[in-house]
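Student: I would be grateful for a close look at the surroundings of the ligand in this structure. Please treat that single part in one connected account.

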Amino acid sequence: MEDILELDRNNIPQSIAIIMDGNGRWAQERGLPRSSGHIQGVENVTRITSECARLGVKFLTMYAFSTENWNRPEAEVEVLMQLIADKLEDEIFMKNDIRYRNIGDIEKLPPSSRKRMLECMENTKNNKRMTVSTALNYSSRWELTKAMRDAVREAQAGHIRPEDINEEYVSQHLETNFMTDPDLLIRTGGELRISNYLLWQCAYSEFYFCDTYWPDFHEEDLHKAIAAYQHRQRRFGMTGEQVTKG
Ligand code: IPE
Ligand code: IPE
Ligand code: MG
């Protein structure tokens with residue numbers, strides 16, 4: 001792919017998180033039911049996953065269903081759940097040496113979706129090239145609340161003291177404890193918000209928002225997002241001079 005030439009291969013974000021938004025509007029603008037937008041959206045997950053693997057991304061974490069999405073019409077929720085059970089295939093992961101994980105509460109998912117996800121996690125657990133995670137039935141507030149509850153339980157049981165709770169402890173008690181924090185957070189679909197996604201983990205992520213609906217967000221759009229990332233200076237609280245001097 002030609003666009004790759006513009007990218008600095010030594011500065012590919014190692015961890016990318018995506019809020020895949022705009023499936024519904026993509027379909028509605030074509031006079032199609034929202035569900036066909038979700039079907040196209042799933043196709044695009046495969047496309048972007050392959051491209052991230054090719055570019056050398058290590059963690060790709062994709063927001064697929066928030067805890068708030070249960071409030072959508074029942075039929076739409078059903079379609080989304082069915083798509084997970086039907087479309088989550090090991091093939092793309094095995095072909096690309098990708099480990100599959102999920103962040104979020106899978107206990108609340110329909111048994112067929114949960115079963116498929118658990119199988120896929122098990123079958124791909126030894127793959128090494130990249131980890132792709134879906135965030136399904138996920139929200140950051142749910143995750144942080146759960147971590148606080150766990151900490152209190154451990155403290156009450158006498159396993160930890162309050163002073164043992166530090167940033168490392170918190171990170172380790174989040175759903176994302178197997179990955180590095182996102183270097184780059186992409187949101188498609190034009191909204192400028194993070195909708196309860198990775199609030200702790202995105203403390204120093206670079207944000208990239210674009211109007212393109214998720215089904216239309218193809219390889220060249222990913223390249224544009226990465227190119228924008230490569231033009232940023234990440235300062236982590238320091239001065240620009242300190243960062244340049246290394
Ligand atoms: C994102 O697309 C997919 C999910 C939230 C499941 P939307 O379904 O939110 O699409 P819009 O925002 O309505 O266009
Ligand atoms: C965020 O999209 C969740 C996912 C992409 C799965 P939404 O479409 O649910 O977000 P809001 O409601 O517009 O903030
Ligand atoms: Mg939306």
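Tutor: An oxygen atom of ligand 1 lies 2.9 Å from a polar backbone atom of Gly24, a polar contact being a pair of N or O atoms within 3.5 Å.

The model is predicted: local features need pLDDT of at least 70 and side-chain atom pairs pLDDT 80 or more, while totals for chains, interfaces and linings use all residues. Residues are numbered from 1 along each chain as its sequence is written, chains are lettered from A and ligands numbered from 1 in the order written, and side-chain values use heavy atoms, without hydrogens and water.

The shell around ligand 1 holds 13 residues, among which Asp21, Gly24, Arg25, Arg34 and Arg72 come nearest; a residue is near if one of its heavy atoms lies within 4 Å. By class, three residues of this shell are nonpolar, five polar and five charged, with Asp, Glu, Lys and Arg counted as charged, Ala, Val, Leu, Ile, Met, Phe, Trp, Tyr, Cys and Pro as nonpolar, and the others, Gly among them, as polar. Helix 1 gives the most to the shell, with three residues; helices are DSSP runs (H or I) of at least four residues, numbered from the N terminus.

Technical notes
Polar contact = N/O pair within 3.5 Å; in protein donor to acceptor, adjacent residues only side chain to side chain. Helix = DSSP H or I, 4+ residues; strand = E, 2+ residues; numbered from the N terminus.
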